[in-house]
Amino acid sequence: MPPAEKAAGALRTIGELALEIGRPQHILRYWETRFPQLRPLTRAGNRRYYRPEDVALVQRIHHLLSQEGYTIRGVQKLLAEEKAPRVPRAPKSSAEGFRAIRDALIQALDDDLR
């Protein structure tokens, strides 16, 4: 008999999540050591409980590794780049800087009108 379907916001155990993505539990524990973003709740006896955002991250990591062909290092780099704020490059001249600001404002106005 298959386990009862949980609500979308319910916590998942490591066993439930491993079954859901088709990977063994030790792989999920290994990913916790490689991806600092992945931090499930731990309770008595080191039982892991995955929140919905943890589940989404595990599913994304699994997809990138198994479907997209990324390596562990590649996924680490991708996730780190997404977390880091984007720093705009410095303009070469003040005129170029003003054009960049103007273009950004035009784009923002266009987005607001849509």
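Two strands are taken to pair if DSSP finds at least two bridges between them. In this predicted model, 3 strands meet that condition and form an open sheet in the order β1-β3-β2, with antiparallel pairing. The edges of the sheet are held by β1 (12-13) and β2 (41-43). Each of these two has a single partner strand, so one side of each is left without a neighbour in the sheet. Between β1 and β3 the antiparallel pairing runs over 2 bridges, and Arg 12 stands opposite Tyr 50 in β3. Helix α3 packs on the sheet, where it touches β1 and β3. The direction of α3 makes about 85 degrees with that of β3.

The protein chain as a whole contains 5 helices and 3 strands, which follow one another along the sequence in the pattern β-α-α-β-β-α-α-α. The chain has 114 residues, of which 25% count as buried. Among contacts between residues at least 6 apart in sequence, 44% join residues at least 24 apart.

In soluble globular proteins, nonpolar side chains tend to be buried together. In the present model, the largest nonpolar core has 19 residues. Leu 28, Trp 31, Tyr 50, Val 58 and Ile 61 are the members that touch the most other members. Four helices, α1 (14-21), α2 (25-34), α3 (52-66) and α4 (72-83), each supply at least two residues of this core. The most is given by α3, with 6 residues. When residues up to four places away in sequence are not counted, Leu 28 touches Ile 14, Leu 17, Ala 18, Ile 21, Leu 38, Tyr 50 and Val 58.

Helix α2 was then examined by itself. Its buried residues are Ile 27, Leu 28, Trp 31 and Glu 32. These residues lie on the same side of α2, because they cover an arc of only 150 degrees around the axis. The buried residues of α2 pack against α1, β3 (47-50), α3 and α4.

One of the buried residues of α2 is Glu 32. The relative accessible area of Glu 32 is 7%, so this residue counts as buried, the cut-off being under 20%. The side chain of Glu 32 makes two polar contacts that can be described here. One is with the side chain of Arg 48, at 2.8 Å, and another, of 2.7 Å, is with the side chain of Tyr 50. With neighbours within four places in sequence left aside, Glu 32 is in contact with Leu 38, Arg 39, Pro 40, Arg 48 and Tyr 50.

Arg 23 is partly exposed, with a relative accessible area of 24%. The side chain of Arg 23 makes a polar contact of 3.4 Å with the side chain of His 62. Arg 23 and His 62 are 39 residues apart along the chain, and their C-alpha atoms are separated by 8.8 Å. Apart from its neighbours within four places in sequence, Arg 23 is in contact with Ala 18, Trp 31, His 62 and Ser 66.

Definitions and conventions:
Residues numbered from 1 in each chain as written. Predicted model: local features only at pLDDT ≥ 70, side-chain atom pairs only at ≥ 80, totals over all residues. Heavy atoms only, no water. Core = buried A, V, L, I, M, F, W, Y, C linked by side-chain atoms within 4.5 Å. Buried < 20%, exposed > 50% of the residue type's maximum accessible area, 1.4 Å probe, protein only. Contact = heavy atoms within 4.5 Å. Arc of directions from axis to C-beta. Polar contact = N/O pair within 3.5 Å; in protein donor to acceptor, adjacent residues only side chain to side chain. Axes fitted to C-alpha atoms, helices over the stretch in contact; angles between N-to-C directions.
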